[in-house]
Amino acid sequence: MNLVQMAGAISDANTLVNQLKTFFLVGVLGLMYVISIAYVWGQTKSVLKAGVAAIGGAVVLAIVVNMTSVRDKIGEDIKNPGGTAAPASIRVVDHIDPLNGGRR
């Protein structure tokens, strides 16, 4: 019976961690996003600067929300370097003297 209770406790802990993660992603980061736009607007009274803050904050939120998929994609690229990436090429060029033997 102890093993079943331990499995239940682990499951409950995993559920709590997922709920906390969702809370921070949606609640705290969303609140920080709105506060940063309001702060920029309050300091500058500029629609353009507030818009730039909104776009920059949206990019940061998108990166944070998609962090796991980006991490997994980078991991796949590291494990399989010959995938869809273009092959690298290196061109070696010998030193070419200037025309008529002059200095550069």
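**View 1. V34 sits in helix 1 of this predicted model.** Helices here are DSSP runs of H or I, at least four residues long, with strands being E runs of at least two, and both are numbered from the N terminus. V34 has 52% relative accessibility, so it counts as exposed; that label means over 50% relative accessible area, with buried under 20% and partly exposed in between (1.4 Å probe, protein chains only). Go 19 residues along the chain from V34 and you get to A53, with 9.7 Å between the two C-alpha atoms.

**View 2. L16 is part of a nonpolar surface patch.** L16 lies in helix 1, which covers residues 2-44. Its relative accessibility is 48%, so L16 counts as partly exposed. Patch members need over 30% relative accessible area and no salt bridge; nonpolar side chains (Val, Leu, Ile, Met, Phe, Trp, Tyr) are joined within 5 Å, like charges within 9 Å. A salt bridge is a side-chain nitrogen of Lys or Arg within 4 Å of a carboxyl oxygen of Asp or Glu.

**View 3. The protein chain reads α-α-α along the sequence.** That's three helices and zero strands. Of its 104 residues, 5% count as buried. The accessible surface comes to about 9,300 Å², and carbon and sulfur atoms hold 67% of that.

**Notes.** Residues are numbered from 1 along each chain as its sequence is written, and side-chain values use heavy atoms, leaving out hydrogens and water. Local features need pLDDT of at least 70 and side-chain atom pairs count only at pLDDT 80 or more, while totals for chains, interfaces and linings use all residues.

How values were computed:
Areas by Shrake-Rupley, 256 points an atom, 1.4 Å probe, with all protein chains shown as cover.
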